[in-house]
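Subject: Model for your review

Hello,

Here is the model you will be working from, followed by notes on what was found in it. Please look through it before reading on.

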Amino acid sequence: MTGRKIEVKKKRAFGMTTTVLSGALLMSAAQTFAQNIEDLPIDAATPSKAATPSVPKAPSNSVASGEMIMVPRAIWEKLLKDVEDLKKKNGGAPSVIPSPATTETPPPLEAPNTNSGGAQPSGTGSRNYLLLPDISFILQAKGLFGSDKRDAARRRLNLDEGELAIQGYVYPGIKVDTFITAAPAEDEPFQIEEGYLTFLGLKKGLSLNVGRKFAPFGRTGETHNHSWLYPRQLLPIQNLVSPEALVGDGVNLHYLLPLKGKNFVRASFGSFTGQGSSTQINASNPGDPFFGEVPHGTGAGFNDRFYNGRVWIGRPLGEKAELDGGFSYAQGPSTLGLDNGANSVGRVKLYGADLTYRRYLQDNKRLLLRSEYFKYKPFGGLLTKSADGYYGLVNYRLDKFNDVGLLYENSGFPQAPGVRENASSLIYTKQFTEQFYLRLMGTHGQRGAQSYNELRLQFTAGIGPHTHNLE
Amino acid sequence: MKRIKVFLLAALFFAPSFKAAHAATDIVASVPELGAIAREVGGNKVHVDVIALPNNDYHRVEPRPSLVQRIAKADLLVRSGLGLDVWMDALMNAAGNTKLNKGGNAYIDASEGIPVLDRPNSSITGASGDVHPDGNPHYFYDPIYAKFVARNIVKGLIRVDAANADYYRSQLADFYKDIDGHMEGWKKEMAPYAGKPVVTYHEDYEYFLRRFGLNLYGTLEPKPGLPPSAAHVNNLMSGMKKDGVKALVIESIFPTKYPDLVSRTIGVKYVVSPYSVGAMGTKTYFDLIDMMVDKTKQALSQ
């Protein structure tokens, strides 16, 4: 670099030819030069006054004004050459693919020979934005076209929900997941659907969730609606567990049993404060339990601290198939409103059992069979009755972009003993990209004494990295 | 009696669980190619499990329960990086094996040091398709970059099993030699076709084609991850006809509806080539590249 200083000084002394340059261009080159030169040793980066070419200092608005200045051509060309040299030195496209130095690799092992042709690099390896959380947004629009005229939601295509997810580690072994939903049709359009910390690896196999969370109850209890294989919550879950998900504020402990082999057994225990139910019981006219509307469930309606537990067992059946199943239990206080303004207070026990079989076939095909049974049991004076429900689902992925499903649901209603709803549905999903799909579900069902036909439409589109629980 | 029955049922269910523990280092690799390379360099000192099944689209793997235990008991994790195996996050959360977390000794990003293709240099949106912000993640189909992968794995192995460091170094040296030896043959086989254009379904063969001096002319997908559209395929066929493109290589996970259409319309017969180690009868990394070379040659020979 000393040589460069002398050379510049010489040329300046000889008063070489000059050229007219744009001030903006020169400033841009000079700024790049200044930026790059900071990386050089101090003696090289700070030339003496005598050696520094006399470049007029541009006013701060020189870019905008396009002011013209004059400098010797030789100085300008040398400056440009220096900038180019520094650019190459500081990460410009190298002619030879760099091989990372590794102290673990002994000298006799030569670095991989990369001179046999191949790609030109545009960067190496994964970029690590360790401080940036995963931020994503998922939008869902749904439509319902049905023959049951009691259904107020029919013949509408609505923006159903937008979900903003912010996920990332806040400390080694501690992760935060926040899901904020915007649902225009809800009484509270903006909600924190889930927001919890996960303490991973407290002890081998043990993890703890603290915050607002979907309680692990049932096979899909922790699954968000955009990850379902159908466009609406399943009838027995709506009626007996919760219209959307059993959610609450509290803690949940997962324990993965340290089994040898590939078997999976996870036990989950939680204690949450529930959010209650807005469903009313028609106490003054029990013969009309649904107030003349479409039959709908109450869900468990846990409104205070409830407890839940789940054991989930899975094992592979060869390389391409697996079976998993589980048992779930929850119990807690429930308060349901009556039509006369009073409340019915008591407790509810929920039971669940599920079984899933999956088989992966050639060419990206996948068969999934799933069935689940639920039981709702009130006690302690609650004005509802025991009810149960179940469903069976077959989902077949034809290829990367298409899957079809068959669903049969059958469920009772806690507020309407003897009334059942059953529905048979055919589902088709077109997956356009990893985060964008269209789903159609055609249903023929029977609600109490009345049969109906429905067509449901679902658009789901997402942007950004998004992680969920096991599927 | 009832309790005995329950116990017997449970014992039957978990029968394979009671096998003797092995002392080998347990490696979990996200995709089969990384697993195959780990087996090459780990030799008899490692036991390798792979999460994605062969011929399972690596962009879309279901994080299912039976995969959790493999990660929970693993000593070393090999991930592809570059945003290909993001589904591993759900499994890692469920497994709670914090020693495998990013930045730890037992975490390997196999893409480290690999010159990445197609890294976007302008803004990308959903309209760009399933573009990976970090660049094309299918580098493991390039045999030279397999050496980088192997070295990254050996570095990790030495970190977690220093007692066998010399063994791993020797295995790595052997792997380099094997690759170099095979490269001579592969290059000779592909040399007559240098500069020829090839069409594939997705951009996953790009590293492989470039390594052997071939040009990726286009893909049936209009943009990465998007299904082919009639309009795009029509344009592609016009171009192929005009420019005399005769090679259509379809990776083994993709449907053949549009390749059939191309064959019928412009007479370019497609050749199906393996997507994974484990697909189409391949068992090792070398089998995979052997077959990719064979199939590409077959397509180019039309």
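Two strands are counted as paired if DSSP finds at least two bridges between them. Strands (E, at least two residues) and helices (H or I, at least four residues) are DSSP runs, numbered from the N terminus.

This is a predicted model, in which local features need pLDDT of at least 70, side-chain atom pairs count only at pLDDT 80 or more, and totals for chains, interfaces and linings use all residues. Residues are numbered from 1 along each chain as its sequence is written, and chains are lettered from A and ligands numbered from 1 in the order in which they are written.

Chain B, sheet with S1 to S4

The strand order in this open sheet of chain B is S2-S1-S3-S4, and the pairing is parallel. At its edges are S2 (46–50) and S4 (107–109), each of which pairs on one side only. Neighbouring strands are turned by 20° against each other on average, direction ignored; axes are lines fitted to C-alpha atoms, for helices over the stretch in contact, and angles run from 0 to 180 degrees between N-to-C directions.

S3 (residues 76–79) and S4 of chain B run parallel and are joined by 3 bridges. B:Arg79 has B:Asp109 in S4(B) as its bridge partner. Helix H2 (residues 32–42) of chain B lies across S1 (25–29), S2 and S3, running at about 175° to S2(B).

Chain B, sheet with S5 to S8

A further open sheet of 4 strands in chain B has the order S6-S5-S7-S8, with parallel pairing. Its edge strands are S6 (215–219) and S8 (270–273). On average, neighbouring strands here are turned by 35° against each other, direction ignored.

Between S5 (residues 197–200) and S7 (residues 247–251) of chain B, which run parallel, there are 3 bridges. The bridge partner of B:Thr200 in S7(B) is B:Val249. Helix H10 (residues 285–300) of chain B packs on the sheet and touches S5, S7 and S8, where touching rests on contacts (C-beta atoms, placed from the backbone, within 7 Å). The direction of H10 makes about 180° with that of S8(B).

Chain A

Chain A has 6 helices and 19 strands. Where pLDDT is low, the predicted coordinates should not be read in detail.

Regards

Definitions and conventions
Contact = placed C-beta atoms within 7 Å.
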